Amino acid sequence: MGKSPTTKDDAQALFHSLRSAYSATPTNLKIIDLYVVFAVFIALIQVVYMAVVGSFPFNSFLSGVLSCVGTAVLAVCLRIQVNKENKEFKDLPPEHAFADFVLCNLVLHLVIMNFLG
Amino acid sequence: MAVPVDNLTKPTPASSTLRFAFGNVLAFFILLLIGVLAFSIRLFSVIKYESVIHEFDPYFNYRVTQFLTKNGIYDFWNWFDDRTWYPLGRVIGGTVYPGLTLTAGTIWKVLQSLNIPLSVETVCVFTAPVFSAFAAWATYLLTKEVKGTGAGLTAAVLLAMVPSYISRSVAGSYDNEAVAIFALIFTFYLYIKTLNTGSLFYATLNSIAYFYMVCSWGGYTFIINLIPMHVLLCIVTGRYSSRLYIAYAPLVVLGTLLAALVPVVGFNAVMTSEHFASFLVFIVIHVVALAYYIKGILSPKMFKVAATLVVSVGVVVCCAVVAVLVAVVASSPTKGWSGRSLSLLDPTYASKYIPIIASVSEHQPPTWPSYFMDLNVLAFLVPAGIIACFAPLSDASSFVILYLVMSVYFSGVMVRLMLVLAPAACIMSGIALSEAFDVFTRSIKFYISNLSEFLQTDAGDTLPGNNVSPQNEVLKNEKKEDTLKERPSRKNKKKEKENIEKPYVKSKTEKRPLVLPVEASFFALFLTVLLGGFYVVHSVWAAAEAYSAPSIVLTSHSHDGLHVFDDFREAYAWLSHNTEVDDKVASWWDYGYQTTAMANRTVIVDNNTWNNTHIATVGTAMSSPEKAGWEIFNSLDVKYVLVVFGGLVGYPSDDINKFLWMVRIGGGVFPHIKEPDYLRDGQYRIDSQATPTMLNSLMYKLSYFRFVETDGGKGYDRVRRTEIGKKYFKLTHFEEVFTTHHWMVRIYKLKPQKNRIRGKTKKSKSKTSPTTPRSGTVKKNPWH
């Protein structure tokens, strides 16, 4: 796909503006984002491993991948609830959000440990 | 919703909280009464007959529950049942939906530990009414989330009595739907609650409730397809919010994992097409969430640039992924769907490809009268409810509308799925009735408050204020509710409301109140109550007369009183007392569960119908002549054959009426059985005009053996209303061992092979018969 120079300039400008806007986010949100990226990365590694080695036993593969995806999703939910710019969750104290996050993770990992086999 | 309105005319905090408290206590007691009503309306069968398990499927569940209570949960999970589908057996632990049996087993265990000695049968019989009370409470909670307390109470009372739900949850109907409908409504309630509050705690509870639903019923696929559809609808109509993400994404991950935990579902949770919708929408919601996030942090110009870039790249990637997915799905012949789901999507599929699914009477499409019989008044309250949901449209009300539309479609495919329509119809009708009551009572209250204003003519300046304030409450009740919702945690609520009231007072003085004339509203109120009365009368009648038959005991009223036909239990008791424990009994698959549960004998096929070839074998045996049938049964080690015959008493669900299905299913696997051979000019007959194949078939012979002795030589069949074709014949390979009192169940024993064969021709034939394999592959037809 040949990119014309204006598109390339646009892409670069976009990249810069994204970078600057993202660096304005508070640190705790950046930590959560890092955790999400880490979890997705681990899931991808597991998928690649499965593609190389084979999918037996399938339940272990499923539980591994779904635990990574699950914690990523739950971390995104936590980020939504803790983000101060989100008007819908203004009244929710961040400790409450974190407690919900921990509870949900507990249930998720209980199921994972059962399914791991 | 009638209760909080009055707060605005009496702004003192004490009396308003008192009214709130009074309203809540009243709601609590109403709910308690609704629970008692739901429980007691389902007890007609226990009163009319006895506390017995009904029908066929509940007997299997009862047997499994007995095993669970006797042997514990580990043996239950690992149970391999060798008393059924002989010689194949059945892996019970892996093929049964454990929710119902585990629930009843837990209840029994808890009661035992409290030293309340209820038998397992009693617990099983009464599980369904108890859970229908829970389902009514769950409907209250769900409708409260959608519209408010008044609508919730109305919907709950409607669900407690709706005949469609009663039909599958009477006392004694110990089937999956008894707990599954409660799980369905409760899961939907938690989903709506999560959507409304955005709390991750409720999302977790939602997943756990979904897990309970997966454990209970195969209809869980309805949930896992409806919720993604609703999410997609919200995204497409521009109602995406972060609460939607919190409601949906954890449910998919946790829900898939929990569904995979149940042995029946296992890896189907990720590999069958029934679940693909949820994964697709999972990806879509992530894309949408990302788009909204980037939109939030970028300036609009930059966002446009980003959008064009993403679209150009993304379209290519999307096409590649979709192509791969389509290739994977298209490679399987059923496109990844199971037979049952396909028969729901394409109503003609089952009759073309899977005759067993088509033959079940519950899988036929419903007739129009059955909608009115099962839903009664709700059938025309539902459209009013749909309109009420649109004013105003929220996430929750759009969900209920979608649920209703989908369930109406599926109920049109299979009459059994009217059960899924019932909660949706009750919710809609509850909303409609509650809104109607609101308008009428509002008009009456306005009229009464106007009357009281005209009577007190003292303070002139209070008059306009008082005249206007009822107008306010009359006009914008919903707006007050909205403002109340938007400020849920304000401490000084009263002050805010009075601040709002003042600008409303100024702007709304000229508007006329939306009230009806008082006479019309009184009359309309009376008519609505009458409508409710009709509904109640019909529901009680349906519960008492139509849906309380246990179908294992039949009754009929005649001039000399009540006749009770207890032939089935008579036959099973005979079997359990007069045969060896290891004897195998062959019958059509309808009676398999009852035979194993009550007679405690091994059967060849039963209601699980998981092996079409095995059923076709039994069908072929019943359709073949006596000798061929004997050979098939002998190869299966069968000792006794059980046949249900209704010709003497006029019982229409007997085996001769089901015989054509045996021919069709048998013919589907063994091609030498051809259905036209059994029909004369396309008509199914058993009289003298019947075809010789029909008159020679084993089913005919076993049903009508010695039948002429009952009415002195005529042999008049009361169900088919003709005289039978072949009247006097002898059975050469079977001997009759038992016929019940009303000739409804007939049991025959296979005669052992003769030791000595007389004659040379017979000797050569007997040499060929043990060496030929089962008659399915016999090339010549020795009976023509």
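Predicted model: local features only at pLDDT ≥ 70, side-chain atom pairs only at ≥ 80, totals over all residues.
Biologist: How many helices and strands does chain B have?
Modeller: Helices (H or I, at least four residues) and strands (E, at least two) are DSSP runs, numbered from the N terminus. By that rule, chain B has 36 helices and 11 strands.

Biologist: Is Tyr248(B) buried or exposed?
Modeller: Tyr248(B) lies in helix H14 of chain B. With contact meaning heavy atoms within 4.5 Å, Tyr248(B) touches residues including Ile227(B), Val281(B) and Phe282(B). Buried means under 20% relative accessible area, exposed over 50%, and partly exposed in between (1.4 Å probe, protein chains only). Tyr248(B) has a relative accessible area of 1%, so Tyr248(B) is buried.

Biologist: Which residues have the most contacts inside the largest nonpolar core?
Modeller: A nonpolar core is a set of buried Ala, Val, Leu, Ile, Met, Phe, Trp, Tyr and Cys residues joined through side-chain atoms within 4.5 Å. The largest one has 232 residues, and H14(B) gives the most to this core, with 14 residues. Those with the most contacts inside the core are Phe188(B), Phe633(B) and Phe734(B).

Biologist: How much area do chain B and chain A bury between them?
Modeller: Buried area is the accessible area (1.4 Å probe) that two parts lose on being put together, summed over both. The contact takes 35 residues from chain B and 39 residues from chain A. Of the area, 82% is on carbon and sulfur atoms, and the total is about 3100 Å².

Biologist: Which residue forms a salt bridge with Glu88(A)?
Modeller: A salt bridge is a side-chain nitrogen of Lys or Arg within 4 Å of a carboxyl oxygen of Asp or Glu. The count between the two chains is one. Its closest N and O atoms are 3.3 Å apart, and the partner of Glu88(A) is Arg243(B).

Biologist: Which helix gives the most to the side of chain B that touches chain A?
Modeller: Helices that each supply at least two residues there include H12 (200-216), H14 (242-261) and H17 (300-330) of chain B. The one that gives the most, with 13 residues, is H14(B).

Technical notes. Residues numbered from 1 in each chain as written. Chains lettered and ligands numbered in written order. Heavy atoms only, no water. Lists of a residue's contacts leave out its neighbours within four places in sequence.
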